[in-house]
Structures are given as C-alpha cells and as structure tokens.
Amino acid sequence: MTLKRYIDSPAVAGDFEDVRDKLPGPVVLADARQSAYDSFRAAGLPGPKVEEWKYSNLTKLAAGTFSVAERTDGAGAEAARFSSAARLVFVNGFFSAVRSNLADITGLTLTPLSKATQDQLAQFASLDDEDSLSALNKAMFTDGFLLDVADGVEIPGAIEIVYLAEEHADRKALRTRNLITLGEGASLELIESFRGSDGQAYWTQNISHIRLAQKAALHSYTLQQEGDKAVHMNRKTVHLADAASFENHSLQLGSEMSRTEIFPVLNGEEAGVTLKGAYLARNGQSQDIFTRMDHAKGHCQSEQVFRGVLDKGGKTAFQGKVIVEQDAQKTNADQSCKNLLLDRQAQANAKPELLIFADDVKCSHGATVGELDEMALFYLESRGLSPAEARAMLVQAFLAEVFEELDNEELREAFQSRIRDWLAASGVNS
Amino acid sequence: MLEIKNLHVKVGDKEILKGVDLNIGDGEVHAIMGPNGAGKSTLSYALAGRDGYEITDGEVLFRGKNLLDLDAHERAGEGMFLGFQYPVEIPGVSNMNFLKTAVNSLRKYRGEEDMPAVELLKLVREKAKELDLDPEMLKRPVNVGFSGGEKKRNEMVQMAVLDPVFALLDETDSGLDIDALRVVSEGINRLRSPEKSILLITHYQRLLDYVVPDFVHVLADGRIVKSGGKELALVLEKEGYAGIGIEDTAA
C-alpha cells in the first residue's frame with residue numbers, strides 16, 4: 001500500500017463556489033482563481049510524506065472547516081504602532097481604511113487590493129503557484145496590497161503592515177496576497193506584524209511576492225504573535241536582480257501552529273540575502289521555518305541565522321535548503337540553526353540541506369540542540385541573579401545574535417520586549 | 001563572619017570534604033592551600049551554593065544565618081562573593097548589562113531601589129580604571145575573548161562594584177603573569193577592611209607575597225590538617241607539602 005502524500009480536505013476550501021463572485025479581480029484573475037482552486041482540489045493539503053512538510057502536520061487543519069471571513073471595517077481594532085511613514089491595517093483579511101494611513105510619499109505606490117484597479121489586480125493572475133497551498137491562496141485571497149518603489153527612491157521611515165484577527169475570526173480563513181516591487185537602486189524598510197485574539201481557531205495565510213531590481217534593498221521585519229488557537233502561514237518569495245539585497249528579521253511566538261517560508265532566488269550576480277529569525281514554542285505549539293535559498297547566479301552571498309527556544313510541550317522545525325546552481329560560482333552561503341531546550345519535554349527538529357552543482361563555492365551549515373549551561377547559570381546566580389533572572393539572561397543572550405545588530409532601535413526593543421514577556425509567562429522572568 | 005563546623009560534602013557518589021572546621025572573623029584574611037584534589041574548589045562551590053554539591057553533614061553560619069538554607073543568589077544577597085578559578089564566558093551579555101543586573105538584583109534582595117543608571121555607570125568606570133581594565137571591555141560580552149589575566153581583572157571589577165562583605169576567591173591567582181597578579185592582589189587588598197573578610201584559596205605562595213593573610217590553613221584529603229600564621233605558607237613554599245607530611249599527588 002502506498003501512503004498518500006496529500007491529504008484530501010474539501011472542507012478547507014469548501015465555500016469557494018459561494019464566494020468566488022465576491023472575490024476581487026478582473027475576469028483574467030477570476031479564471032486564474034478557478035484554475036487554482038481546481039488544482040488545489042485535485043491535490044489537497046500536503047501530508048507528512050511530502051518532504052518539505054515532514055515536520056508540519058496539517059492533519060488538524062484538514063479536519064477543520066475554514067470559511068471566508070466577513071468584511072469588517074476594523075473600527076474597533078487596535079493596531080500595533082511602530083514608527084512608520086505609512087501603515088496598512090488588515091482586519092480579518094480585509095483592508096481597514098479607518099485604521100490605516102496611506103501617506104503620500106513621492107516614489108511610493110502603496111495600494112490595498114480593495115482600492116486597486118482591475119489592471120493592477122490582473123497582475124495577480126500570473127503569479128506562480130508552486131504548491132497546493134499557494135493555489136488555494138490564489139483562489140481565495142480576499143485582500144492584500146501592491147507596493148512599488150520607483151527607481152532610485154529611498155523611502156524614509158518604515159512602512160508598516162498590520163494583520164489583525166479580531167473577534168468573529170473563529171473558523172475563518174484570512175487569506176491575503178501581496179506584490180512588492182522595488183525599482184533599481186530603491187530601498188525600503190517594511191514591518192509586518194500578525195496579531196490575533198486568543199481562543200479563536202482562525203487560519204492566517206499570507207503570501208508575498210517580492211521583486212527586487214538591480215541594487216534595490218529591502219529590509220523586512222516580521223513579528224508573529226497570533227492568538228493561541230490560530231494556524232499561521234506566511235510565505236515570501238523573493239527574486240533578486242544584480243547586487244540587490246534582502247534582509248529579513250523575524251520573531252514568531254504566537255499561534256498554535258505556525259509555518260514561515262522564505263524562498264529567495266538570487267537571480268543576479270553579487271546579490272545578497274540575510275535571514276535571521278527566532279522562534280519560541282511551548283504548550284502544544286509548533287513553530288516551523290522553511291527556507292529555500294536558490295543561488296542561481298555567481299558571486300552572491302547568503303546568511304541564515306535561526307534560533308529556537310522551546311519550553312515544555314513546544315515543538316519546532318527548521319528546514320533550510322540551499323541550492324547552488326551550476327552557474328553560481330563563487331557563492332558564499334552560510335546557515336546556522338541552534339535550539340535551546342528549557343524543558344526536555346520539548347522537541348526541536350533541524351534539517352539543513354545543501355545541494356551544490358557548482359565547484360567553486362563556500363558553503364557551511366550547522367544545527368544544534370542544547371540546554372542552558374549549568375555553570376553559566378551558577379555564575380550568574382553567584383552574582384545575585386535569581387534562578388529565573390539568570391535563565392532569562394541566558395535565553396536572551398542566546399537570541400541576541402538574531403537581533404543585536406538591528407539598526408531600527410524601536411523594533412529591536414519591541415522584539416526583545418516580546419521575548420521578555422514570553423519568558424516571564426514561562427516562569428523565566430526577570 | 002563565617003563559621004564552618006564539621007562540613008561534609010559529596011559530589012556524585014564521592015565524599016570530597018570529610019569534616020572541615022573553620023572560623024573566619026570580621027576583617028580577617030584566611031588562606032587555604034593544599035595539593036590538587038584536596039577539596040579546595042569543592043569547599044568554595046559548596047559555600048557559594050552550587051547545585052550538585054551535597055552537604056551530608058555539618059553546619060555553616062554566615063553572619064549568624066544558616067548559610068546552607070540559602071540558594072546561591074541569596075548567599076550573594078547576604079554579601080558573599082565567589083571569585084571563580086575559571087570565570088565563565090557568557091556570549092550575548094555585555095559586561096555592563098551584567099553588572100547593572102547584578103547590582104540591582106542584590107539591591108532588590110536587600111529591599112533597596114535600583115541604582116540610578118548614571119551613578120552605576122560612574123561606579124563601574126571608576127572601578128575598571130582603578131583595576132586597569134580597558135573600558136572597552138565593559139561593552140564586550142562577559143569574559144568572551146578575554147585573556148586569562150583580563151578575566152581575573154574582570155572578576156576583581158565585579159567584586160569591587162558588588163562590594164561584598166565576604167570574598168571567597170578560588171585560585172584567583174592561577175594563570176596570571178606578574179603584572180596581572182599585582183593588579184588582582186591590589187583588588188583584593190582594596191577590599192580589606194575591619195568589617196570584611198576574605199578567604200583565599202590558592203595553590204601558590206606567591207599571591208600571599210602581595211596579600212598577606214592573617215591565617216593559613218592546609219586542606220588535604222577533605223580536612224584542614226594544619227593551620228598557622230602567614231609563615232606556614234613560606235614553609236610550604238620552601239619544603240612543599242611533603243615538608244609537613246602531606247603527599248601532593250598531582251604536583
């Protein structure tokens with residue numbers, strides 16, 4: 001008997017027929033939605049026999065029903081605020097005009113899909129769907145945004161995107177899809193945060209397609225603190241031209257099940273990617289990171305630094321695949337994943353992979369799972385720190401490598417503050 | 001200040017200390033010497049409250065309180081400081097942040113308010129200067145990439161900033177060149193006062209040229225086998241442990 005690689009899950013997208021006429025987009029996108037929906041129905045959800053989904057168990061998701069959320073104006077929603085030049089707020093998967101600030105910045109086009117033209121929306125018809133989940137998102141996304149920075153423009157301040165799941169989000173799928181393009185030499189700082197109410201079993205599915213022209217630079221920050229019953233999926237596909245750079249700093253500590261996917265494609269020479277992230281899990285949570293770094297051209301560099309902290313009942317997985325294609329000579333690719341267990345009833349999985357088809361490259365990867373150093377704890381306690389303070393200090397030190405070099409001080413403090421709160425709730429407080 | 005009565009300590013299945021008796025009065029400096037494996041580090045860890053050092057018998061009173069009832073951080077809060085033989089490296093924690101947390105943790109234990117940041121910074125810089133520690137090292141992670149001498153200086157800066165009433169220094173002189181030894185000795189001597197006491201655990205007499213003890217004890221096979229004045233260290237230096245009838249198995 002062969003085991004099924006995909007899980008049949010009609011209920012997950014069961015209301016497509018009911019809602020498709022209400023979904024935004026011109027005919028060309030409607031056709032693409034139908035085709036994507038058919039393709040999802042034919043495949044189903046990926047199961048654990050699909051290598052990339054080995055550690056991310058969707059059985060629970062497959063058993064549930066998630067209907068499209070009702071449109072809301074989000075008037076009651078409270079958005080997180082970081083210093084920002086402009087802010088888009090999505091509530092239950094829909095743009096909230098009252099909570100947003102569509103600032104008029106020269107060289108920046110920032111448009112929520114609910115305000116986009118049919119021509120702009122048509123662009124979404126041709127965006128790749130590389131697996132059934134992406135197809136499902138394409139079939140049923142309700143909103144999202146288009147962000148474009150013109151050639152040579154450096155946007156001052158950060159653009160902030162807030163995704164909120166409010167009350168009435170229970171059993172709803174909140175699907176957004178974004179297209180971000182930076183012109184030649186353009187630069188942008190983008191902050192995305194995901195938040196939701198505890199106790200509601202909603203499913204966030206956000207997909208961003210990012211295209212960086214020559215010498216463009218995008219610094220992206222992601223903060224995931226969804227509600228405790230949520231399923232969170234966030235995928236970024238990033239295409240980089242010559243000398244473009246993409247940096248991503250992420251912290252994920254919310255939701256019941258979370259999967260962050262980052263797929264950079266280094267399509268130009270001397271392009272660079274830095275991915276740094278921390279993920280914290282406990283009490284039945286699973287936090288997964290899946291990266292696929294595709295070095296298609298030579299003289300590029302990539303660096304990945306991920307750190308996991310697990311308390312009792314937490315489960316994490318890091319799967320990091322680095323592909324160095326035949327033309328990608330002089331590639332420099334490093335990957336590091338370290339996990340810290342605060343309790344032995346936690347489970348950390350790490351699966352670094354290297355596929356190298358070029359012969360003049362420098363690649364490294366390392367993965368570890370360990371516990372707090374007993375001698376270091378004693379050292380701190382001998383100086384007067386309580387056991388909880390000592391543990392908190394060591395955990396924060398363990399995560400420091402991910403955030404210590406962040407130029408954005410406000411954001412660095414925001415990340416660290418949320419880590420402190422998490423530790424306090426775990427009894428590892430200061 | 002400190003009264004140790006018949007202290008027995010086991011590490012794992014092995015009994016290391018087999019009945020240590022020692023009284024240290026206010027303002028006194030005591031030195032404990034002894035061959036490798038005699039139990040010197042075990043004594044320091046047991047007094048400082050490290051996990052895994054099981055007290056099987058005996059009593060320790062620290063300023064009238066039962067020390068053995070207290071956790072490691074509470075012992076620090078009561079005024080004890082352990083200078084480590086091998087100071088631990090802590091990547092990701094800056095020296096300054098560490099000192100700030102430690103100072104305020106001790107103050108919290110004593111029911112005091114946090115020290116104002118400016119005052120703390122001034123204090124730390126002043127102590128670092130006195131002990132010849134490059135101020136840049138205050139910004140670096142605790143002990144990471146420090147030479148042996150720098151680590152020991154750093155221990156002395158911590159001690160000066162935390163200002164304990166009792167310093168327990170475990171082979172603080174090991175691995176030091178002569179200049180570093182002078183600085184470390186100066187750090188110890190600065191702490192000397194009629195209200196404070198010091199227990200130096202050392203393998204060599206040379207530290208005692210700079211920090212002259214009031215009493216010298218020899219620890220061998222888990223017990224104090226001989227006590228005397230500062231001249232006892234000179235006898236050991238000249239004649240070795242064999243001169244007082246003890247075999248130094250590791251020498």
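Visitor: What is the basis for the values here?
Guide: The model is predicted, so local features need pLDDT of at least 70 and side-chain atom pairs count only at pLDDT 80 or more, while totals for chains, interfaces and linings use all residues. Residues are numbered from 1 along each chain as its sequence is written, chains are lettered from A in the order in which they are written, and side-chain values use heavy atoms, without hydrogens or water.

Visitor: How many helices and strands does chain B have?
Guide: Chain B has eight helices and 12 strands, taken as DSSP runs (H or I, at least four residues, for helices; E, at least two, for strands).

Visitor: And what are its spans along the principal axes?
Guide: The C-alpha trace of chain B spans about 55 × 40 × 35 Å.

Visitor: What share of chain B is buried?
Guide: Of its 251 residues, 54% count as buried, meaning under 20% relative accessible area with a 1.4 Å probe, protein chains only.

Visitor: Turning to the interface, how many residues are in contact?
Guide: In chain A, 18 residues are in contact with 31 residues of chain B, where contact means heavy atoms within 4.5 Å.

Visitor: What area do the two chains bury?
Guide: Chain A and chain B bury about 1900 Å² between them, 69% of it on carbon and sulfur atoms; this is the accessible area (1.4 Å probe) lost on being put together, summed over both.

Visitor: Which three residues of chain A supply more than any other three?
Guide: Phe378(A), Tyr379(A) and Arg383(A) supply 38% of the area that chain A buries against chain B.

Technical notes: Buried means under 20% relative accessible area, exposed over 50%, partly exposed in between (1.4 Å probe, protein chains only).
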